[in-house]
Amino acid sequence: MTTWYPVAVTLFVAGVIVGVMCTINMLIGPKRAGAAVKSEAFECGNPPSGSAWGRFSVRFYLTAILFLIFDVEVIFLYPWAVELRYLGMFGFVEALIFIAILCVGLLYAWQRGALDWD
C-alpha cells in the first residue's frame, strides 16, 4: 500500500487544485449569460463564416490518424534509447526492426496518396 500512497496524494492534490480553480471562477468570473458572443462558434479569432456543419474530406481524418499513430509510435523509441546500454545489440536490432516497420507503413500511406493535400 505504501507504493500507492504518492499516487493517491498526487490525485488528491490535483483534485483540490481543480476544485479551487473552478470555485474561484464561479465566484469572481463574469456572469453574462445572455451575451450574443457566447452563442457564436469560436474560430481562432476569425469571424464565423458558413455553416458549423461543414463536411471535411476523408483525407483530413486519414492524415490526422496517421499523425497520431506515428507520433505515438515514436514515443515508444524513448525507452529504448534510455535502456540501450542494458539491452545491447538485441535492443538495437529490435529498434531497427521497429523503425523499418514504421517506414514501410509510411511508404504505404505515401504511395496510396494519404499524405497528398489538395
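**Figure 1. Accessible surface and overall make-up of the predicted protein chain.** The protein chain exposes about 10800 Å², of which carbon and sulfur atoms supply 73%. The model is predicted, with a mean pLDDT of 82 for the protein chain and 86% of its residues at 70 or more. Of the 118 residues in the protein chain, 8% are buried. The secondary structure comprises 4 helices and 0 strands, in the order α-α-α-α from the N terminus on. Among contacts between residues at least 6 apart in sequence, 50% join residues at least 24 apart.

Figure 2. Tyr5, Val9, Phe12, Val13, Val16, Ile17, Val20, Met21, Ile24, Leu27 and Ile28 make a nonpolar surface patch of about 1100 Å². Phe12, one of the patch residues, lies in helix α1, which covers residues 5–28. Phe12 counts as exposed because its relative accessibility is 59%, against a cut-off of over 50%. Confidence within the protein chain is highest in α1, where the mean is 95.

**Figure 3. The largest nonpolar core.** This core has 6 residues, namely Leu66, Phe70, Phe98, Leu102, Ala109 and Ala114. Two elements, α2 (58–75) and α4 (84–111), each give two or more residues to the core. Helix α4 supplies the largest share, 3 residues. In soluble globular proteins, nonpolar side chains tend to be buried together.

**Figure 4. Surroundings of Leu66.** Leu66 belongs to the largest nonpolar core. When residues up to four places away in sequence are not counted, Leu66 touches Ala109, Ala114 and Leu115.

Figure 5. Ile69 is placed in helix α2, the element in which confidence is lowest in the protein chain, at a mean of 80. Ile69 is classed as partly exposed because its relative accessible area is 42%, a value between the limits of 20% for buried and 50% for exposed. The C-alpha atoms of Ile69 and Leu102 are 9.6 Å apart in space, and the two residues are 33 apart in sequence.

Note on methods:
Residues numbered from 1 in each chain as written. Heavy atoms only, no water. Patch = residues over 30% accessible without salt bridge, like charges linked within 9 Å, V, L, I, M, F, W, Y side chains within 5 Å. Areas by Shrake-Rupley, 256 points an atom, 1.4 Å probe, with all protein chains shown as cover. Salt bridge = Lys/Arg side-chain N within 4 Å of Asp/Glu carboxyl O. Buried < 20%, exposed > 50% of the residue type's maximum accessible area, 1.4 Å probe, protein only. Core = buried A, V, L, I, M, F, W, Y, C linked by side-chain atoms within 4.5 Å. Contact = heavy atoms within 4.5 Å. pLDDT = per-residue confidence, 0-100.
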